[in-house]
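Please look through the structure shown here with the following explanation beside it. The text begins with one residue and its surroundings, and then turns to the way in which the chains meet.

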Number of protein chains: 2
Amino acid sequence: MIKAIVFDLDNTLVDFMKMKRRAIEEAIPAMIDAGLKITHEEANRIIDEIYKEQGIEYQQVFDVLLQRVLNKVDHKILAAGIVAYRRAREAALIPYPHVYSTLNQLLKMGIKMGILSDAPAKEAWSRLAFLNFHHIFDVVVTFEDTGERKPSPEPFKKILEKLTIKPSEALMVGDWVERDIEGAKKIGMKTAFARYGDTFDTKQHNADFELTDISELIDIITEENKL
Amino acid sequence: MIKAIVFDLDNTLVDFMKMKRRAIEEAIPAMIDAGLKITHEEANRIIDEIYKEQGIEYQQVFDVLLQRVLNKVDHKILAAGIVAYRRAREAALIPYPHVYSTLNQLLKMGIKMGILSDAPAKEAWSRLAFLNFHHIFDVVVTFEDTGERKPSPEPFKKILEKLTIKPSEALMVGDWVERDIEGAKKIGMKTAFARYGDTFDTKQHNADFELTDISELIDIITEENKL
């Protein structure tokens, strides 16, 4: 019996990498247009480098880019980049196909739902609010809630406790095998690998289920709960 | 002979107070909708109080609001407020009527143009980039450039130096008599009071000109430069 589903957020409910890429793709020409003397490719290379050093959620990436290129932060160029980035991000931050309809169907089926994200609380909640997910998911656990990241058992335990659900009654859905799937298995949850959100070209996983579309969850839950 | 015009930004080129008001008006119901137990009026009152204490550019106003109401920052409510605020701000951040056409006409007339704002560099430039003003005004002086605010002579001197223009050849346009008009007069600039942006119910000013619409600048410059 599956009573609850725990979703990873980025690359499971929303195509985070596409959103990032598109936003950066718009920000670079805007900065060049505002006077930054650099090629698009070189800017991309430095930005990748900064994200690799500071993590993909790093919020001062353009400040650091300008420091590296100009040895100072030029506010005109910075503002042009940030404005273009935000505009593109708003347009590109959309859920994968069938996410809204599947979530609503699951609500009707009486399934409890939570989000378990390693993102910082402020950024995770801001994406949730932007997508209107904050009305669907009452239970959200982010990095700050435990200070540990998946696959540590702590965040998994925390969200199950908030959902008041036993591990065996919960299904974890995520795109990252090592963190989402292995982490959830270790504490006894059922698991579904979000193949549609895979950015690692994953060959192998030990998940109980594999999703090529999130709507497949409906049949999985229906089947599991028949028994 | 007027060779250059120096504009104040907020409430002179853009209706900053309307933008703020509208953004706050959207953010409050979004936070209530996300679970904040407070009346709209009470939220408005506390927000006004925080802006009065911290200044109108204060960026953590909702964090402080939640601290005062809940004794903690609830990330769901905070994110709902910020997302609604940003959406409304983007929609409401527009120049006054005839700003774009007037600026373009002035460019064609060969008038140099600059912006002199007391706002922090990051916020001022971000509004400029959002409005595409960063391509029109190459000379922008914000608080950080001198560390002093109008009516101190320093910011005025700084922008005239950047424009390479004598005070007597420059016209200052602004909505704040004490800061924009008095400050500019003191160092010998000509002055125009932006009556259309007045938020103080100003009774008296000593400006050389008064504008009920920014497009009146065209006739003023044409007339002044005929002599």
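Helices (H or I, at least four residues) and strands (E, at least two) are taken here as DSSP runs and numbered from the N terminus. The model is a predicted one, in which local features need pLDDT of at least 70 and side-chain atom pairs count only at pLDDT 80 or more, whereas totals for chains, interfaces and linings use all residues. Residues are numbered from 1 along each chain as its sequence is written, chains are lettered from A and ligands numbered from 1 in the order in which they are written, and side-chain values use heavy atoms, with hydrogens and water left out.

In chain A, the loop between strand E1 (4-7) and helix H1 (16-33) holds Asp10(A). Asp10(A) has a relative accessible area of 12% and is therefore buried, a word that stands for under 20% relative accessible area, with exposed meaning over 50% and partly exposed what lies in between (1.4 Å probe, protein chains only). Leaving aside residues up to four places away in sequence, Asp10(A) touches Phe16(A), Glu57(A), Ser117(A), Ala119(A), Arg127(A) and Asp175(A), where contact means heavy atoms within 4.5 Å. With Arg127(A), the side chain of Asp10(A) makes a polar contact of 2.9 Å; such a contact is a pair of N or O atoms within 3.5 Å, of which, within protein, one must be able to donate a hydrogen and the other to accept it, and residues adjacent in sequence count only if both atoms are side-chain atoms.

The relation between the chains comes next.

Between the two chains, 23 residues of chain B are in contact with 23 residues of chain A. Because 100% of the interface residues of chain B are also interface residues in chain A, the copies meet through the same surface. There are 2 salt bridges between chain B and chain A, each a side-chain nitrogen of Lys or Arg within 4 Å of a carboxyl oxygen of Asp or Glu. Lys122(A) forms a salt bridge with Asp63(B), their closest N and O atoms lying 3.7 Å apart. On the side of chain B that touches chain A, helix H4 (75-92) and helix H6 (121-130) of chain B each supply at least two residues, and H4(B) gives the most, with 11 residues.
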